[in-house]
Amino acid sequence: MSALQALFLLPAALILDLLFSEPPARVHPVCGMGYLASRAEPFFRRLLSCPFPPDTEGGSPLREGLAGLLAGLAVILPPAVIAWSLTALAGYSGTAGGFAMAAVSVWLCLAPVSLARHALRVRDAAEAGKTGEARKAVSMIVGRDTSLLDMHGVCRACVESVAENLTDGVLCTLFWAMAGGLIAGFPGAAALAMAERATSTLDALWGRRDRRYRHFGTFGARLDDVFTYLPARLALPAISLAAFSVKASPAAVFRTGWRFRHAHESPNSAWSEAPFAAALGLRLGGPAVYAGMKRDHPWLGTGTPDAASGHISLAVRLMWASVIIFTLASSLVLAAFS
């Protein structure tokens with residue numbers, strides 16, 4: 001991988017997402033990861049004599065944790081190995097082939113266009129005053145119960161989702177593609193991007209703290225925390241620099257983001273949500289209901305909790321500016337050390 005190819009790898013993947021967004025579900029790797037997860041869970045639960053479906057007594061925490069670890073590896077390793085193999089094979093015909101396959105692999109793990117479109121659907125419904133439609137639209141990108149949210153709550157949940165998924169759905173992929181490229185060239189970039197995306201999918205499926213996944217989902221949730229740890233912390237300076245796009249002070253955004261960086265039970269969430277709150281003049285977080293259970297999330301930021309449709313537009317603009325800055329910085333690092 002030459003320095004020039006390294007410089008354009010991540011922008012090429014981002015351009016593919018801008019041109020084509022996500023592929024159809026039937027060929028999307030995330031859907032394949034979900035299918036693997038649906039097969040791996042019952043197989044490894046039964047293999048280690050864990051109840052499936054889980055009964056009211058539950059199983060041994062140790063066995064369930066081990067079953068979750070083996071099932072997690074069965075979901076993460078195949079897409080990573082396939083991406084590595086296809087990229088290495090394409091590279092035999094010349095570096096252009098390896099570049100193209102790596103760019104496609106990274107693109108398949110990115111989702112900024114899809115995230116922006118979902119957020120703007122919420123904005124459009126909010127601007128039209130269609131509360132029910134806005135609740136339904138935001139339920140597609142958040143895990144909380146949206147049925148009782150007022151319009152301020154809907155818009156705030158949407159902004160929070162944009163901030164969180166900026167890291168989970170975009171920056172993590174870019175960071176680990178860069179890291180993989182530094183370690184092992186094009187195949188490494190493709191493999192680590194796929195491994196990160198598979199881990200994120202596992203966390204979404206099995207990362208809940210209910211009885212079924214309290215032990216079984218531990219491996220996927222903790223590995224996702226590991227994958228997200230560095231990108232989340234790098235998100236703070238990227239979002240702060242991007243704050244000019246919404247006419248906010250980068251220095252002030254950074255200070256607020258740093259102040260609230262640990263103000264969340266998740267080790268990674270506040271690093272992006274807090275600077276978003278500061279840049280948009282909002283207070284994000286607060287109580288939310290998940291599957292009928294209320295969780296008292298802390299508040300992030302010092303602004304108003306009364307988010308409106310205009311804040312969603314600004315959040316999408318801030319997201320794109322952050323993505324561009326992070327992509328350029330990652331590309332320069334990859335090119336400099338390739």
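Me: How many aromatic pairs does a search of the whole structure find?
Reply: The model is a predicted one. Searching the whole structure for aromatic pairs gives a count of nine.

Me: Is the pair of tyrosine 213 and phenylalanine 216 stacked, edge-to-face or tilted?
Reply: The ring centres of tyrosine 213 and phenylalanine 216 are 6.2 Å apart, with 55 degrees between the planes. Planes under 30 degrees apart count as stacked and over 60 as edge-to-face. The angle of 55 degrees therefore makes the pair of tyrosine 213 and phenylalanine 216 tilted.

Me: What is the class of the ring pair of phenylalanine 254 and tryptophan 258?
Reply: Here the ring centres of phenylalanine 254 and tryptophan 258 are 6.2 Å apart, and the planes meet at 15 degrees. The cut-off for stacking is under 30 degrees. The pair of phenylalanine 254 and tryptophan 258 is therefore stacked.

Me: Which helix holds both phenylalanine 254 and tryptophan 258?
Reply: Phenylalanine 254 and tryptophan 258 are four residues apart, about one turn of the helix. The helix that holds both spans residues 250-259 and is H9.

Me: Is phenylalanine 216 buried or exposed?
Reply: Phenylalanine 216 has a relative accessible area of 1%. Buried means under 20%.

Me: Are phenylalanine 254 and tryptophan 258 buried, partly exposed or exposed?
Reply: Phenylalanine 254 has a relative accessible area of 34%, and tryptophan 258 has 42%. Buried is under 20% and exposed is over 50%. Both values fall in between, so phenylalanine 254 and tryptophan 258 are partly exposed.

Me: Which arginine lies over the face of tryptophan 258?
Reply: Over the face of phenylalanine 216 lies arginine 45, at 4.3 Å from the ring centre. For tryptophan 258, the distance to the ring centre is 3.8 Å, and the residue is arginine 261.

Me: Which helix gives the most to the lining of the second largest pocket?
Reply: Of its 14 lining residues, Pro29, Pro79, Ile82, Ala83 and Met194 are the closest to the centre. Helices H2 (29-47), H3 (61-91) and H4 (95-109) each supply at least two lining residues. The most, five residues, come from H3.

Me: How many charged residues are in the lining of the second largest pocket?
Reply: Sorted by class, the lining of the second largest pocket has 12 nonpolar and two polar residues. The number of charged residues is none.

Me: Which residue's backbone nitrogen does the side chain of histidine 264 reach?
Reply: Histidine 264 sits in the loop between H9 and helix H10 (270-280). At 18% relative accessibility, histidine 264 counts as buried, because the limit is under 20%. The side chain of histidine 264 reaches, at 3.0 Å, the backbone nitrogen of serine 266.

Me: How many of the 11 residues of H10 are buried?
Reply: H10 is mostly covered. Its buried residues include Trp271, Glu273 and Phe276. Just after H10, glycine 281 has a positive phi of about 70 degrees. Of the 11 residues in H10, the number buried is 10.

Me: How far apart in space are isoleucine 324 and alanine 242, C-alpha to C-alpha?
Reply: Isoleucine 324 belongs to helix H11 (residues 309-336) and is partly exposed, at 46% relative accessible area. In sequence, isoleucine 324 and alanine 242 are 82 residues apart. In space, their C-alpha to C-alpha distance is 8.8 Å.

Definitions and conventions: Residues numbered from 1 in each chain as written. Predicted model: local features only at pLDDT ≥ 70, side-chain atom pairs only at ≥ 80, totals over all residues. Heavy atoms only, no water. Phe/Tyr/Trp six-rings, centres within 6.5 Å; stacked < 30°, edge-to-face > 60°. Buried < 20%, exposed > 50% of the residue type's maximum accessible area, 1.4 Å probe, protein only. Lys NZ or Arg CZ within 6 Å of the ring centre and 35° of its normal. 1 Å grid on protein atoms, 1.4 Å probe; cavity = no way out; pocket = protein on both sides within 12 Å on 5 of 7 lines; lining within 4 Å. Nonpolar A, V, L, I, M, F, W, Y, C, P; charged D, E, K, R; others polar. Polar contact = N/O pair within 3.5 Å; in protein donor to acceptor, adjacent residues only side chain to side chain.
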